Amino acid sequence: MYHILIILAFMRLIVATSTAGINRRHVVQTFNPVRNVSSDTTPMQVGNGNFAFGADITGMQTFQPFGILSSWGWHNASLPTEPGETAPEDFYGVDMWTHGRLVNYDQPNASEPDISQWMIANPQRINLGRIGLYFGGQEVVEEDLLEKIQTLDLYTGTITSRFKFNGSEVIVKTRADADSDTVAFDITSSLLISGNLGVFFDYPYSDTLKFDAPFVGIWNATHSHETRLSVEKSRAQIQHTLDETSYFTEIQWDREASIVGPLSSTHRYVLTPVSSTTFSFTATYTPSSSHTLVDTLSVARASEAWWENYWEAGAFIDLTETEDARATEIQRRIISSQYLLAVNEAGKDPPQESGLVNNGWYGKFHLEMYLWHSVHWTRWNKQWMLERSINVYNRFLPSSVERARNQGYSGARWGKMSDPTGRSAPGVINSLLIWQQPHPFYFAELEYRNTPTIETLRKWDDILTHTADFMVSFAFWNTTTGVYDLGPPMYPVSENTDFNTTTNPAFELAQWRFGLDVAAKWKTRQGLPVPTNWIEVHDNLAPLPVSNETYPIYERIPNMWIDPTTLQDHPAMAGIYGLLPPTPGFNLTIMKNTAARIWAEWEFDDLYGWDFPMLAMNAARLHNPDKAIAFLTHEYFQFDDVGMPIGGTIVPTPYFPASSSLLLAVAMLASGWDGHPGQHFPEKWVVKTEGFNVTF
């Protein structure tokens, strides 16, 4: 109910940009996913942003151990035992010469390999368990089920799964609660009467794999962890303990049933109903023993109410009257992305790349990706969804100030690969990447455009001040050229250059100008003085590098457009005029030249995720809507049958920055930008929009 009230409050602030009166429910349900077989890589999901349940074709996890992941479910492996490497405090990192002084960076140290790796791999996000159908002890495989059909109703957050087994129909409805880590099931089948159909609960041990996909956890390490069952009438509690981590599953059912376990040499428990053709139960996962129980009817009502309000609030776009097949596919991707991002990427922390489906980078999130993951909430006028996690900047401010101070800088240096504590995992790239630093200005300025109040200014002022102080402190005065340089050592967006020679990358320079410009405006709007050193660095920052009348990756990069490695990974130069508005010194002709060479020469099979929407936004600003649509439907930019964004060869599936950046690009096409408001779709497209605001 709390989330619903927040949604209704924000709805009062939203002004529609069209009076088309879109039938949102019809558009959404037109793209309900349907399956007849389990996927080997992605589940259908229900969830609420902090908790998600992944289902196979049975509406449970009967044949595929997809994840049950949460915001709070983390685990630390045992610390190393090597003397001098037995505690996080023993980690030192690496000292590197930086503009004439030694600076300490959180990088793996060859003299302390054990604690270095422990710091990288811990904590890991854990899979809370598995829930599946139990066929009375029979060995059943998915092929034994006949007439299988599964539908996800995106408008209500309900998965309905139907199949026949041994001639009897089985129907399973799966939902997640809006406000708790609860999954609810309603089962209908005559097999329930005979005891030939029940439910199992199982638990894995955590692992330390960097990528744990498509399934999370170790299911055959029974002796490495413990479970314990306690039972009361119509309810049970299972406690799961992994080393120092312990959590609980609170189970409640609606009629006579028994639960036993664990089965021999497993952590599997079996719940078996009797004397009825229907059976309903809920499973609530909690970090502490709460005995808080939620019934299936309450979950159903909460889920339907929350999703209806989610879809009816904020911005919306309807492409269904456009005859171009690309419009239909983009509409499918828009709708499925909006659903999946609410399930996976609307929690209390920034999301990891694979959301709550599986684990990448040990389940940790990346602050440089937070903008790509989450700024679309503001552009689609769903600010309340962003509010769940945006406080991360306040939470991480103390550790970011300490990081900057330890390196001899002012302000706050935001980390990269992080966990909920705010610690940034050691790594060469992790410690030298800088493009996450200006992102608070992007979030703040978009929010201010939507809500230009003194409260918005005060909300962000401390964060922006500390961020600007670091950015100014980080810039190095080059006495030879008479400008402020960025780097070295540093990595640009593409992460594939020599960090010892990378200087003045084009995208990061544009970011620095954008950020410091917003920082100055922020003070002026409050009637406060702009620090003179902010103005000094902003006005004397190195110009955008130019090579052969194009913007290269960084200043004096060898063999730009000749060496194949310069044409791989993220073409961040496109973001100078796409994600970002034009900044001082920007040249439109040079940008057009750059875009033309990217379109013609870049190795697109090396791109993934947000690269394509970034290129689409660049094409839109260059007034080439057909090219923008081509990027959003590119052969290397794919989404599967339930809308999961396919990662490809570089990152696992799903890779949700593809979904969120798609929405960001569509918002730009739907609303336009300062100086060019309005729609920017191909001329013959029929497009209805509601609730979008013009961007910068």
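Buried means under 20% relative accessible area. All the views below come from a predicted model.

**View 1. Helix 7, a mostly covered helix.**
Helix 7 spans residues 367-374. How many of its residues are buried? The count is 8 of 8, and the helix is mostly covered. The buried residues of helix 7 are Leu367, Glu368, Met369, Tyr370, Leu371, Trp372, His373 and Ser374. Helix 7 also supplies at least two residues to the lining of the second largest pocket. That pocket has its own view below.

**View 2. The largest pocket.**
The largest pocket has a volume of about 630 Å³. Its lining is made up of 26 residues. Which of them lie nearest the centre? They are Phe91, Asp106, Arg403, Asn406 and Arg423. Strand 7 (101-105), helix 10 (392-406) and helix 11 (428-432) each give two or more residues to this lining. Helix 10 gives the most, with 4 residues. Sorted by class, the lining of the largest pocket holds 8 nonpolar, 11 polar and 7 charged residues.

**View 3. The second largest pocket.**
This pocket has a volume of about 460 Å³. It is lined by 27 residues. Closest to its centre are Trp361, His366, Lys416, Ile429 and Glu495. Helix 7 and helix 11 each supply at least two lining residues. Which helix has the largest share? Helix 11 does, with 3 residues. By class, the lining of the second largest pocket has 16 nonpolar, 5 polar and 6 charged residues.

**View 4. Asn430 in helix 11.**
Look for Asn430 in helix 11. Is Asn430 buried or exposed? Its relative accessibility is 13%, so Asn430 counts as buried; the limit for buried is under 20%. The side chain of Asn430 reaches the backbone oxygen of Ala425 at 3.0 Å. Leaving aside neighbours within four places in sequence, Asn430 is in contact with Lys416, Met417 and Ala425.

The largest nonpolar core has 208 residues. Which residues have the most contacts inside it? They are Ile131, Ile187, Phe201, Phe281, Trp311 and Ile317. Take Trp311 as an example. With neighbours within four places in sequence left aside, Trp311 is in contact with Arg24, Val28, Leu154, Tyr155, Phe316, Ile335, Gln338 and Tyr339. A second, separate core has 5 residues. Ala77, Ile115, Trp118 and Met119 are among them.

Rolling a probe the size of a water molecule over the atoms shows where empty space is left. How many cavities of 30 Å³ or more does the structure hold? It holds 9. The largest cavity has a volume of about 90 Å³. It is lined by 14 residues. Ser71, Arg125, Asp349, Pro350 and Pro351 are the closest to its centre. The lining of the largest cavity divides into 5 nonpolar, 6 polar and 3 charged residues.

Arg175 sits in strand 12, which covers residues 168-176. Why does Arg175 count as buried? Its relative accessible area is 9%, and buried means under 20%. Which side chains make polar contacts with the side chain of Arg175? One is Thr158, at 3.3 Å. Another is Asp186, at 3.0 Å. Beyond four places in sequence, the contacts of Arg175 are Val46, Gly157, Thr158, Thr182, Val183, Ala184, Asp186, Val299, Ala300 and Glu304.

**View 5. Ala52 in strand 3.**
Find Ala52 in strand 3, residues 51-55. Is Ala52 buried or exposed? Ala52 counts as buried because its relative accessibility is 0%. Not counting residues up to four places away in sequence, Ala52 touches Gln45, Val46, Gly47, Gly67, Ile68, Leu69, Val343, Asn344 and Leu356. Val46 also has a place among the contacts of Arg175. Now pair Ala52 with Leu293. The two are 241 residues apart in sequence. In space, Ala52 and Leu293 are 18 Å apart, C-alpha to C-alpha.

How values were computed:
Residues numbered from 1 in each chain as written. Predicted model: local features only at pLDDT ≥ 70, side-chain atom pairs only at ≥ 80, totals over all residues. Heavy atoms only, no water. 1 Å grid on protein atoms, 1.4 Å probe; cavity = no way out; pocket = protein on both sides within 12 Å on 5 of 7 lines; lining within 4 Å. Points joined across faces, edges and corners; volume = space filled by probe spheres on them. Nonpolar A, V, L, I, M, F, W, Y, C, P; charged D, E, K, R; others polar. Buried < 20%, exposed > 50% of the residue type's maximum accessible area, 1.4 Å probe, protein only. Polar contact = N/O pair within 3.5 Å; in protein donor to acceptor, adjacent residues only side chain to side chain. Contact = heavy atoms within 4.5 Å. Core = buried A, V, L, I, M, F, W, Y, C linked by side-chain atoms within 4.5 Å.
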